[in-house]
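Please open the model in a viewer and keep the selection tool at hand.

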Amino acid sequence: MQVTKNQIDDLNIQVTFNLSAEDYAAAEKKRLNDFRRRADFKGFRKGMVPMSIVQRLYGEQALAEAVNEVVSKGLNDFIKENDLRVVGEPLSSEDQPEVKWESGADFTFKFDIAQTPKLDLAISSSDKVPYYNINITETAKKEMKANMLRQFGKLEDTDKAGEDDFVIADLSSEAKTVEGAYIAVRNVSGDAKKLFVGCKPGDKFEIDVNAAFTDEADRAAMLKVKRNELAGIDPKFSVSIVNVRTFVPAEEGQEAYDQIFGEDKVHNAEEFDAAVTERLAANYKEEADYRLSKDIRSYFVEKANIALPEAFLKRWLIQINEGKFTAEQVEAEFDSFLADFRWQMIREYVMDKYGLKVEDKDIREAAEAFTAYQYAMYGMGNVPQQMIKEAAKNVLNDERQVRQMQENVENQKVVAALREQITLTPKKISVDKFRELK
């Protein structure tokens, strides 16, 4: 087999394989014999079918498999012998000659191979990345206190409905009566909203429910019918206000302190203020650390300035995602893909440079942290550790989630290692300015 290498540029190679019959004859014969051994035809003992019949029925398949075996081995050998850092996988060249499968014929196969450059990235204290210290303001503390008290608030009866209040009403028409409909005033549309805002228990008025409640799902729930039944309902209804309710935040005091922070942790306004300040500081530090990890990533991606075979990568992405993404979609997301690809290269480089490894213990701890976070999202913040460990086992059985956690742990280890080597330049900033950062 003749192999010809054409170095297009530093990152792109075209390799051509010219095969003669003698290159694939042995592999072809072996496959035909395999087909004959397995062939089962009436009138012939198994394995004794004449080779002429086997050739007629399976010849082209045997030939294609034999040639592909030879070419695949040649391609793998070429990559190893040339120590190529292959991107994706080789692609059939756009100028690949048409193949006619005829036994004994010569064949030509052309492949495009792309590779990444060898990375050699200097990392030292001269690399500077900002670290933001977010100011805790009285406004921020006031806002968090209000949110905490609202979290443990409740609905109470009130005399008159405001835009953020709720009404309980009876609705009736000639054909239908609905008792105790629960209506959020903010969800009412059009002229009907003017009737609900300011209404009091005992008030009565007429509405068109189609105009007042444009969301069909909300309207069906209010009228206590199925969505497909709405079309047959006369939209003209009389409304009789039964009750008006407003949301009242929890009153600051010991009961609220215990609900927010746990029993007997906070006892007065001064301790409440200190606890809020501590929680804000922890929240802001978490936001600042996340921002730092993004900035470190962006800094080194820009510094490394890794050249990539972009045209090849676009072809490869379109091919491996055939039927999932169009060329236009790949183009639209390509810059983001390149940034991720470059960071992946840097991450692998740093892992190797500093001897970092992801152990089973790291993945297990990541699964437990993820599980605890999920419980917290549902308001379950004090789940026993043993329960978390058991639930985390289900996460570890999901290969996709394990791969994601592997990547996350690698990111954490790499960012931590880089933080130790570079210089962090502290910057004080207000929370509003911090959140405006791109």
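Which residue in strand 4 is the bridge partner of Ser92? It is Phe111. Before further selections, please note that this is a predicted model, in which local features need pLDDT of at least 70 and side-chain atom pairs count only at pLDDT 80 or more, while totals for chains, interfaces and linings use all residues. Residues are numbered from 1 along each chain as its sequence is written, and side-chain values use heavy atoms, with hydrogens and water left out.

Begin with strand 1 (residues 2-7), which is joined to strand 2 by 6 bridges in an antiparallel arrangement. A hairpin of 4 residues connects strand 1 to strand 2, and Asn6 stands opposite Gln14 in strand 2. Next, follow strand 2 to strand 4: 8 bridges join these antiparallel strands, and Asn12 faces Ala114 in strand 4. Finally, strand 3 and strand 4 run antiparallel and are joined by 2 bridges.

**Second stop: helix 9**

Select Phe312, Leu313, Trp316 and Leu317, the buried residues of helix 9. They cover an arc of only 130° around the axis (taken from the directions from the helix axis to the C-beta atoms), which puts them on the same side of helix 9. An α-helix has 3.6 residues a turn, so residues three or four places apart point the same way. The buried residues of helix 9 pack against strand 2 (12-19), strand 3 (91-92), strand 4 (107-114) and helix 10; contact means heavy atoms within 4.5 Å.

**Third stop: the nonpolar cores**

A nonpolar core is a set of buried Ala, Val, Leu, Ile, Met, Phe, Trp, Tyr and Cys residues joined through side-chain atoms within 4.5 Å. Which residues have the most contacts inside the largest nonpolar core? They are Ile123, Ile296, Phe300, Leu313, Ile346, Val350 and Leu418, in a core of 35 residues. At least two residues each come from strand 5 (128-134), helix 8 (269-304), helix 9 (310-320), helix 10 (327-353) and helix 13 (399-421). Helix 10 supplies the largest share, 10 residues.

Centre the view on Leu418: not counting residues up to four places away in sequence, Leu418 touches Ile123, Ile296, Phe300, Trp343 and Val350. A second, separate core of 27 residues includes Leu171, Val185, Ala212 and Val239.

Display helix 8 and helix 13, whose axes come within 10 Å and cross at roughly 80°; axes are lines fitted to C-alpha atoms, for helices over the stretch in contact, and angles run from 0 to 180 degrees between N-to-C directions. That makes helix 8 roughly perpendicular to helix 13, a term covering 65 to 115 degrees. On helix 8 the contact involves Asp289, Leu292, Ser293, Ile296 and Phe300, and on helix 13 Val415, Leu418 and Arg419.

**Last stop: two partly exposed residues**

Select Lys285 in helix 8. Lys285 is partly exposed, at 47% relative accessible area. Its C-alpha lies 8.6 Å from that of Tyr132, although Lys285 and Tyr132 are 153 residues apart in sequence.

Then select Val197, in the loop between helix 4 (192-196) and strand 9 (204-208). Val197 is partly exposed, with a relative accessible area of 33%. Leaving aside residues up to four places away in sequence, Val197 touches Ala161, Glu163 and Val185.

Terms used. Buried < 20%, exposed > 50% of the residue type's maximum accessible area, 1.4 Å probe, protein only. Pairing = 2+ DSSP bridges. Parallel < 35°, antiparallel > 145°, perpendicular 65-115°, else oblique.
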